[in-house]
Amino acid sequence: MKKIFVIGLLFASVLSACRADNFTALEQQQISIETPGLFSKSSAFQIDFTKMDDKEYSFPLPVGKVLTTDGGSMEIETTKGDAVKAMFAGTVRLSRYNASYGNVVVVRHHNGLETVYAFNAQNMVKSGDHVKAGQTVGITGSHTVFVSLMVDGNRINPNTIIDVRSHNLRRQILTFEKEAGQVTVKAKYTPEQLRERAEKAQHIGYETNDPFRGNSVYRLNLDLIKDWHYPLDRAHVISGFGGKRHHSGTDIKNGPGTKVYAAFDGKVVQAGTFSGYGKCITIRHAFGIETRYSHNSKNLVNVGDIVKAGQVIAIVGRTGRATTEHVHFETRIAGKAFNPEFVFDHNANKLHTGTLQFKKNGSVKRLK
């Protein structure tokens with residue numbers, strides 16, 4: 001069984017190697033070098049970033065913008081004379097001029113990581129100095145600074161540890177494993193974090209009706225939709241989707257004057273009289289689909305309105321091509337109608353569970 005070096009023991013090992021008089025001449029000269037004792041007890045260790053206090057982390061250039069993350073380094077756009085900050089607490093292992101990286105600082109952190117701050121106009125620390133997270137270690141000399149993260153001399157993709165867009169530390173547990181001289185990184189998330197990541201991934205927003213975003217497949221996890229409401233209370237289906245008429249929605253009925261509800265939170269992108277639909281409303285939802293409600297006797301919302309699931313948006317009617325009072329309810333993705341039965345159980349008037357898979361060619365299926 002693989003043994004993982006626990007973080008408490010790791011501190012002692014790294015701290016013993018972080019005293020100024022413990023850095024060898026080579027450690028004070030060479031940027032990429034193994035950390036003594038880091039993998040002596042085990043081939044793997046963990047860092048729990050979920051328990052790290054906000055004061056224990058700082059983005060190197062708080063007002064900077066990450067331009068690239070090529071080759072395991074962040075190129076950060078900034079202004080001349082800006083202060084370069086230590087990401088975590090630690091001890092300066094190297095502070096010197098390098099022919100390839102200019103003035104460069106390397107900090108060995110107590111958690112096993114090392115950070116590299118290159119192309120400084122001036123280094124503000126020297127080898128052996130103890131620094132806190134957010135402490136100035138250098139001053140920028142141009143419009144860009146390069147920052148790298150290392151474990152045992154191996155460059156680590158910054159995106160693994162930092163959200164380079166928001167500058168925030170990723171709250172996760174990372175396992176660093178060394179094999180054949182190379183270090184690999186694996187992330188472990190709590191169930192709450194996994195749900196949050198999934199919700200963020202399927203948050204398309206209101207500005208586009210195309211959730212594919214250049215891909216051929218889009219998956220919608222209905223379990224992540226917290227707020228929903230069936231379009232009509234105590235309604236029943238009088239005409240289904242498809243068939244010989246190529247019906248583009250499902251006709252559901254209760255009675256004249258019945259309230260029509262928004263199925264989900266969203267933004268009204270169409271409201272008014274629309275051909276055979278009569279008085280019609282279309283709502284775009286942040287998770288990638290649109291819903292349409294037509295034949296209304298009265299629309300109660302306007303284009304641009306932000307509505308909540310369960311909000312009354314219209315009154316049932318028979319405007320347009322309709323022979324009886326009802327709601328023609330549609331679900332659409334990237335402008336194409338698909339069977340609302342994939343989303344709602346019409347018999348129970350409830351939202352289905354599970355994940356739907358959509359393809360650009362119009363096919364839809366429910367994944368097991």
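**A first look at the chain**

Biologist: Leaving aside its neighbours within four places in sequence, what is glycine 72 in contact with?
Modeller: Beyond those neighbours, glycine 72 is in contact with Ser148, Leu149, Ile156 and Pro158, where contact means heavy atoms within 4.5 Å. This is a predicted model, in which local features need pLDDT of at least 70, side-chain atom pairs count only at pLDDT 80 or more, and totals for chains, interfaces and linings use all residues. Residues are numbered from 1 along each chain as its sequence is written, and side-chain values use heavy atoms, with hydrogens and water left out.

Biologist: How far apart are glycine 72 and serine 148 in sequence and in space?
Modeller: They are 76 residues apart in sequence, and their C-alpha atoms are 6.3 Å apart. Glycine 72 sits in the loop between β3 (65-68) and β4 (73-77). The strand numbers come from DSSP runs counted from the N terminus, with helices (H or I) of at least four residues and strands (E) of at least two.

Biologist: Is glycine 72 buried or exposed?
Modeller: Glycine 72 counts as buried because its relative accessibility is 13%. Buried means under 20% relative accessible area, exposed over 50%, and partly exposed in between, with a 1.4 Å probe and protein chains only.

Biologist: Now the whole chain, please. How many helices and strands are there?
Modeller: The chain has 3 helices and 30 strands. Buried residues make up 46% of its 368 residues.

Biologist: What does the C-alpha trace span along its principal axes?
Modeller: About 90 × 50 × 35 Å. The radius of gyration is 29 Å, whereas a compact globule of 368 residues would have one near 21 Å. That radius is taken over C-alpha atoms, and the globule rule is 2.2 Å times the number of residues to the power 0.38.

Biologist: And what share of the contacts with a separation of 6 or more comes from residues 24 or more positions apart?
Modeller: Such residues account for 63% of them.

Biologist: Let us go back to single residues. Where does threonine 115 lie?
Modeller: Threonine 115 is in strand β8 (residues 114-123), and it counts as buried because its relative accessibility is 0%. Residues up to four places away aside, it touches Met87, Val105, Val106, Val107, His109, Ser148 and Leu149. Ser148 and Leu149 are also among the residues in contact with glycine 72.

Biologist: Which side chain makes a polar contact with that of threonine 115?
Modeller: The side chain of tyrosine 117 does, at 2.6 Å. A polar contact is a pair of N or O atoms within 3.5 Å; within protein, one must be able to donate a hydrogen and the other to accept it, and residues adjacent in sequence count only if both atoms are side-chain atoms.

Biologist: What about proline 231: where is its place?
Modeller: Proline 231 is in the loop between β15 (217-221) and β16 (236-239), and it is buried because its relative accessibility is 0%. Its C-alpha atom is 4.7 Å from that of tyrosine 261, 30 residues away along the chain. Among the residues it touches, beyond four places in sequence, are Ile252, Tyr261, Tyr293 and Phe344.

Biologist: And where is asparagine 349?
Modeller: In the loop between β27 (344-345) and β28 (350-351). Asparagine 349 is buried because its relative accessible area is 15%. A polar atom of its side chain lies 3.3 Å from the backbone nitrogen of alanine 235. Its contacts beyond four places in sequence include Trp228, Tyr230 and Ala235.

Biologist: One last topic, backbone angles. What is phi of alanine 334?
Modeller: It is near 50°, a positive value in a residue other than glycine. Most residues other than glycine have a negative phi. Alanine 334 is in the loop between β25 (327-333) and β26 (336-338). Alanine 334 is partly exposed because its relative accessible area is 33%.

Biologist: And what is phi of histidine 246?
Modeller: Histidine 246 has a positive phi of about 50°, although it is not a glycine. It is in the loop between β16 and β17 (250-253), and it is exposed because its relative accessible area is 68%.
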